[in-house]
Amino acid sequence: MTGYDECASLIEKKKIPFIERLRHAVEIKSVSNDPAARKEVCRMIDWTQKELEKLGTKCEQIKNGKQKLQNGEEIDLPPVLFGTLGNDKSKKTLLVYGHLDVQPADKSDGWNTDPFKLIEIDGKLYGRGSTDDKGPVMAWINAIEVMQELKMDIPINIKFVLEGMEESGSEGLDEILMKHKDSFLSDVDFTCISDNYWLGKTKPCITYGLRGICYYCVEVKVCKQDLHSGVFGGTVHDGMSDLCWILSQLTEVDGTIKINGLKEMVAPVTDEERALYEKIDFDINEYKNDIKVEKLTTEDKVKVLMNRWRFPSLSVHGVEGAFSGPGAKTVIPCKVKGKFSIRIVEGMEPEAVDKCVTDHLNNLWSQRKSPNHFSVHPLQGSLAWVADYNHPHYQAGAAAIRKVYGVEPDYTREGCSIPVTLTFQELTQKNVMLLPIGACDDMAHSQNEKINVSNYIEGTKVLAAYLMELGKL
Ligand SMILES: C[C@H](N)C(=O)N[C@@H](Cc1c[nH]cn1)C(=O)O
Ligand SMILES: [Zn+2]
Ligand SMILES: [Zn+2]
């Protein structure tokens, strides 16, 4: 009978067409935060639908609502792609979630190659979305294609939810899923998401927790239009200085958040949890060397992991409206918008976090005594997620990893956010597992994002092996 070994060897043989599939995906500039790229997000969804239909998946694009842009204009959100492969009542049903949108990227950000071309160098496939999340979505398609080519019975019905707004807070997705709770989602037995990364470079892991995110925009408005700083400097109150002062009041130098009320919300760490973190194989020096940082906020392994996964963190992302080009432009920006986010953890509710943040910022502003106009806008809010990793579903994931890599996986959390994860858990009332295939140095969201050819190909094997393992549950 055809089994895992035949499947693995066909995956090896199909390495080139699988890389070509990822190449096609990366070339579609499906950047979700750019309204001008919305058509490309829709094109990525259409193309993926065709790939799924080739496998016999019945697909439907679910219309999403409108996105209100900051200038007041409204544009269509991209549709959400639902797919159903198999409808055998004697089989269980797996829900696979992934996203087809990517973070913005430009060669001028410091990429060595064109971010929207897949370039192979020394066994690494560089390109925006190669690891987040086009590579893993393509790996699901590859795995199913191989099982079908070998005429293997896929022992599970598969449903897909693929979206195009994850990198922008999954706008509209929760509402769509809630509407389909008693229809499309009603028979789901497990959800699996491959959209994060290993803790290291060589050892695979399974992930059972994510932080949530609350994202803010702080606006300081000075006047109608930018002003010559030589002509007007010294007469108007500088908006960028106001904004920089405000943003500098949010954290201590070691990252401790200075916003009242947040620390109190964090669920206490149990002894059992601490013991789990102590056992995790994690090399701080390698971590520092990978990102070329000399000193971390703490050098203690457990504290580093807890700061990444288990405690909130605040990051300032950028300023809209300010001069950022090369050279020396002498202008006073008329309006600047600072962007920052807080990764939130168990116990923290976005609405309560928004209140603390808004109160803190308004209080700071009243201390500043600037006559400029100040406003705070919460842009996104999603909860943290934790799952039961003792569930048999996780054992199926672990068995698949043992088959491919011959090792027991690490059980990890992840500091980043996939807003819909908790929604799946709550709507289906079934177990959700994250099964990453990429390595810790893939540099998602950053310059030179990549996935190793070996991770992409072995990852395809893991997903195929996992589908086989699910048949045993
Ligand atoms: C983990 C996932 N691959 C990811 O990168 N998620 C984003 C989600 C997000 C939410 N708002 C903006 N992006 C992240 O954690 O930043
Ligand atoms: Zn992602
Ligand atoms: Zn991402």
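Which residue in S8 is the bridge partner of Leu85? In this predicted model, the bridge partner of Leu85 is Ile158.

## Strand S4 and its neighbours

The pairing of Leu85 with Ile158 belongs to the contact between S4 and strand S8 (residues 156-163), which run antiparallel over 5 bridges. S4 also pairs with strand S1 (residues 58-62), again in the antiparallel sense and over 5 bridges. In that pairing, Leu81 of S4 stands opposite Gln61.

Strand S4 spans residues 80-85. Because 5 of its 6 residues are buried, S4 is largely enclosed by the rest of the structure.

## Annotated binding-site residues

An unreviewed UniProt entry carries the annotation "binding site" for Asp195, His228, Thr330, Arg343, Ser417 and His445. These positions extend over 251 residues of sequence and are also spread in space, with up to 46.4 Å between C-alpha atoms.

## Ser417

Ser417 sits in the loop that links strand S18 (410-414) to helix H13 (421-428). There are 25 other C-beta atoms within 10 Å of Ser417, so the residue counts as buried.

Leaving aside residues up to four places away in sequence, Ser417 touches Leu210, Arg211, Gly212, Ile213, Arg343 and Ser382.

## His445

His445 is found in the loop between strand S19 (431-434) and strand S20 (450-452).

With residues up to four places away in sequence not counted, His445 touches Gln103 and Asp132.

Methods: Residues are numbered from 1 along each chain as its sequence is written. Chains are lettered from A and ligands numbered from 1 in the order in which they are written. This is a predicted model: local features need pLDDT of at least 70, side-chain atom pairs count only at pLDDT 80 or more; totals for chains, interfaces and linings use all residues. UniProt positions are given in the numbering used here, feature names are shortened, and annotations may be inferred rather than shown by experiment. Helices (H or I, at least four residues) and strands (E, at least two) are DSSP runs, numbered from the N terminus. A residue is buried if 20 or more other C-beta atoms lie within 10 Å of its own, exposed if 12 or fewer, and partly exposed in between; C-beta atoms are placed from the backbone. Two residues are in contact if their C-beta atoms, placed from the backbone, lie within 7 Å. Two strands pair if DSSP finds at least two bridges between them.
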